[in-house]
Number of protein chains: 2
Amino acid sequence: MPKTTPPDADNSAQQRRLQMADIARLAGVSTSTVSRALAGSKLVSEETRVRIMELARSLKYTINIGAQNLRMKQNRTVGVVIPYDSATRQHLSDPFFLSMLGSLADALTELGFDMLVSRVDAEELDAAAAPFDTGRVIGIILIGQWRHHEQLNQLAARHVPIVVWGAQLPQQLYCTVGGDNVTGGELAAAHLIAQGRKHIAFFGDINLPEVGQRYEGQCRALRKAGMKVDPALQVSVSFLPEGGREAVQELLRRGVPFDAVFAGSDLMAMTSINTLRQHGYEVPGQVAVVGYDDIELAGYFHPPLTTVQQPIREAGRALVSQLLELVDGRPAASLQIPTQLIVRNSSV
Amino acid sequence: MPKTTPPDADNSAQQRRLQMADIARLAGVSTSTVSRALAGSKLVSEETRVRIMELARSLKYTINIGAQNLRMKQNRTVGVVIPYDSATRQHLSDPFFLSMLGSLADALTELGFDMLVSRVDAEELDAAAAPFDTGRVIGIILIGQWRHHEQLNQLAARHVPIVVWGAQLPQQLYCTVGGDNVTGGELAAAHLIAQGRKHIAFFGDINLPEVGQRYEGQCRALRKAGMKVDPALQVSVSFLPEGGREAVQELLRRGVPFDAVFAGSDLMAMTSINTLRQHGYEVPGQVAVVGYDDIELAGYFHPPLTTVQQPIREAGRALVSQLLELVDGRPAASLQIPTQLIVRNSSV
DNA sequence: ATGAAAGCGCTAACAC
DNA sequence: GTGTTAGCGCTTTCAT
């Protein structure tokens, strides 16, 4: 572990960081006055206030937020946690999660909050609360509900202010914000059905709440169209990019006929398309494909990907606003963000 | 601006956060003993240490890091800043930058550091130092050098510990970590030349240091092959995804013949390929295309993208290790991470 | 309008 | 081994 000596350690020329007492001395006033001046209090005369502010600015002095926070018992930092899968030791790479991070950064910056990012082992989700427990952040936004409903409930029961990006589940103590997965799945499947597709495969781990709901949506669309649900067309594969390839191979192995694929994520849709092509299938000619997420690159893929859009900008804002509710001690309802189908060429 | 009342505000049932004094009282010892016990000091008897630790754990007490930092004048948080373009008000979306964020998160987590992410207006780069000036972070990693060489120099002159992802420039006071852009460009162009391409277009804003160096590499490869550099084949376009489309259109407008494109980023390569196709060009048949970055999706594109790989995992680690050098008061040399050409189908 | 003094939650001499 | 005390850099009564 690197040492990172404290700034005041005697490594030569490290000039000591300026502090309020210095400004006070230089201005010939007390620290109280400096504090007030910098805070824009009207208790200090216009003249000295200006003088002190100028001085501070010319010396590039800024208040030490740590000390200020301690004294004022406040904090404008929000924790964002992205669990990683300890088994695969998978690192942060899903473009959708990454975009969410960007969107959260934007939403928080806009409101004057800082964002503390940490990664935790998905199996030790309790650790997600650490930045809160240690007082560094006022609450936690967790991206990736995965299968950890129970652990999340426990965190909420402990009164950790936490908002989770994911699906709304029965008996849920924590607040979630997520896309409307059932409708999303239904839209996707209905679209494929409208294109005349008869055998629609589903790729994705339906044990994950969000994916499960997307599949449920597909089933609903099938039933509405008077078609029956064939379990042989449902292939459970992980969220990793290779998922698409594996799913196609498994489906071919099963030997069930299919003319469409609804994939649990765009990444999976893309690898599915590539694998289908390698096996000589034309997309969308022989197999129509629909993805999920509408990541930045979906439209640039060949063929451009039909997909269900998760409105990431609003998602970020919603996550933040619900968290701030919780932080202020108000209850925060779980939210569903409406999704829409983006029809491109991979399915028509 | 939302209020975010301090935790001790009187909104009903917010139970006060446990603190060391509480543990001390419950254990019947002084706070010093608790402090020592929790720090694992050998000054406290085995027995009381265990007792106190158990107590703390059962009560889910954790030390308030803010107070600890203040007292110990230490900090294990690193700032990561991603400037945004104020003109286009462009938000964080380039997959490469996003991946870099992920890689940094991993590298920092591994070393036990936290990551504070902020976004600043690229025109006000001075603001990038704010998290440092206010004592929240021990140093800054800035992703995106853009055109702000001068402002970065000023930050370094102010002794802000800062490491920048970007190109190494003459008269540079700050530390950079970046790919070897010249070699990268040379590899890409040499590859295209080896494929028998005669008229290689370059897409990208060569005023950006990194892109300029990639172009320089291309020129070098051309000269080595005894070919001449045709300025009409260089098209300056922004880093935005649409850049690729605009570049192709501009090139066609110019009417110069071309049989290859070297694009400044993968995103641009992808949109270029799509636009070329729309105009009836076959890739790689009539036009070979090479990108830059090797983003996650490059291999899944159709055709799979030949590209220059920026090793993002090492990049993250290198950025962090150089920053920690600076923080410890040691000089940190700028680093170039070797790049390699990944040959896929878009160019062969 | 300004200053003195107390204290935010913690650690580290220094006593015993 | 453990407690007492001072103080990290700031804000805020309470005096003046």
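Modeller: In chain B, helix α7 covers residues 149–157, and its buried residues are H149(B), L152(B), N153(B), L155(B) and A156(B). Viewed down the axis of α7(B), these buried residues fall within an arc of 160°, so they line one face of the helix. Buried here means under 20% relative accessible area. The model is predicted, and local features such as these need pLDDT of at least 70.

The partners of that buried set are two strands of chain B: β3, residues 140–143, and β4, residues 162–165. Both are packed against by the buried residues of α7(B). Just after the helix comes H159(B), whose phi is positive, at about 65°.

Of the 348 residues in chain A, 55% are buried. Taking contacts in chain A between residues at least 6 apart in sequence, 69% join residues at least 24 apart.

As for overall form, the C-alpha trace of chain A spans about 85 × 45 × 35 Å along its principal axes. The radius of gyration of chain A is 26 Å, whereas a compact globule of 348 residues would have one near 20 Å. Chain A exposes about 14700 Å², with 52% of that area supplied by carbon and sulfur atoms.

Note on methods: Residues are numbered from 1 along each chain as its sequence is written. Chains are lettered from A and ligands numbered from 1 in the order in which they are written. This is a predicted model: local features need pLDDT of at least 70, side-chain atom pairs count only at pLDDT 80 or more; totals for chains, interfaces and linings use all residues. Side-chain values use heavy atoms; hydrogens and water are left out. The radius of gyration is taken over C-alpha atoms; the globule rule is 2.2 Å times the number of residues to the power 0.38. Buried means under 20% relative accessible area, exposed over 50%, partly exposed in between (1.4 Å probe, protein chains only). Contact means heavy atoms within 4.5 Å. Accessible areas come from the Shrake-Rupley method with a 1.4 Å probe; for residues, only the protein chains shown count as cover. Helices (H or I, at least four residues) and strands (E, at least two) are DSSP runs, numbered from the N terminus. The arc is that of the directions from the helix axis to the C-beta atoms.
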